[in-house]
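These are my notebook entries on a single protein chain. I record what I looked up, entry by entry.

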Amino acid sequence: RRRCAVTRVHVDWDVCENHGQCAVVAPEVFRIGEDGVLEHEDQVDDAGLAAVEEAADLCPVQAIRLHRG
């Protein structure tokens with residue numbers, strides 16, 4: 001049986017400008033809160049990893065980092 005790997009999701013709040021591109025691409029991990037500020041899950045499993053990688057690639061200010069392991 002294959003174990004599901006977990007990847008940690010880090011948003012650099014000093015860089016993030018709440019554009020929300022990530023929330024469109026990976027809504028299961030990223031969302032814009034009622035206060036207009038980005039919220040996110042701290043971890044993603046293999047099933048959601050591709051969407052989160054795309055969100056990191058599309059971030060206009062490159063504020064999203066992924067840490068595998």
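**Entry 1: Salt bridges**

I began with Glu41, which counts as partly exposed at 34% relative accessibility. By the rule I used, buried means under 20% relative accessible area, exposed means over 50%, and partly exposed lies in between, with a 1.4 Å probe and protein chains only. I note at once that this is a predicted model, in which local features need pLDDT of at least 70 and side-chain atom pairs count only at pLDDT 80 or more, while totals for chains, interfaces and linings use all residues. Residues are numbered from 1 along each chain as its sequence is written, and side-chain values use heavy atoms, with hydrogens and water left out.

I then asked how many salt bridges a search of the whole structure finds. The search gives three, where a salt bridge is a side-chain nitrogen of Lys or Arg within 4 Å of a carboxyl oxygen of Asp or Glu. I recalled that side chains of opposite charge can pair when their charged atoms come close.

Glu41 meets Arg31 in one of these salt bridges, at 2.8 Å from N to O. Glu41 lies in the loop between β3 (38–40) and β4 (43–45) and Arg31 in strand β2 (residues 30–32), so this pair ties together parts that are 10 residues apart in sequence. Arg31 also forms a salt bridge with Glu39, with the closest N and O atoms 3.5 Å apart. Arg31 is partly exposed at 31% relative accessible area, and Glu39 is partly exposed at 35%.

Arg68 and Glu53 meet in a salt bridge at 2.2 Å, N to O. Arg68 lies in strand β5 (residues 64–68) and Glu53 in helix α2 (residues 46–58), so the pair ties together parts that are 15 residues apart in sequence. Arg68 counts as exposed at 53%, whereas Glu53 is partly exposed at 29%.

**Entry 2: Thr7**

Is Thr7 buried or exposed? I found Thr7 to be buried, with a relative accessible area of 3%. Thr7 has its place in strand β1 (residues 6–11). Leaving aside neighbours within four places in sequence, I listed the contacts of Thr7 (heavy atoms within 4.5 Å); among them are Asp42, Val44, Leu49, Leu66 and Arg68.

**Entry 3: The whole chain**

I read the pattern along the sequence as β-α-β-β-β-α-β, with two helices and five strands. Helices (H or I, at least four residues) and strands (E, at least two) are DSSP runs, numbered from the N terminus.

The C-alpha trace spans about 40 × 20 × 15 Å along its principal axes. Of the 69 residues, 35% count as buried. Among contacts between residues at least 6 apart in sequence, 60% join residues at least 24 apart.

Last, I looked up the charges: the mean positions of the 7 positive and 14 negative charges are 13 Å apart. Lys and Arg count as positive and Asp and Glu as negative, while His and the chain ends are not counted. The place of a charge is taken as NZ of Lys, CZ of Arg, CG of Asp or CD of Glu.
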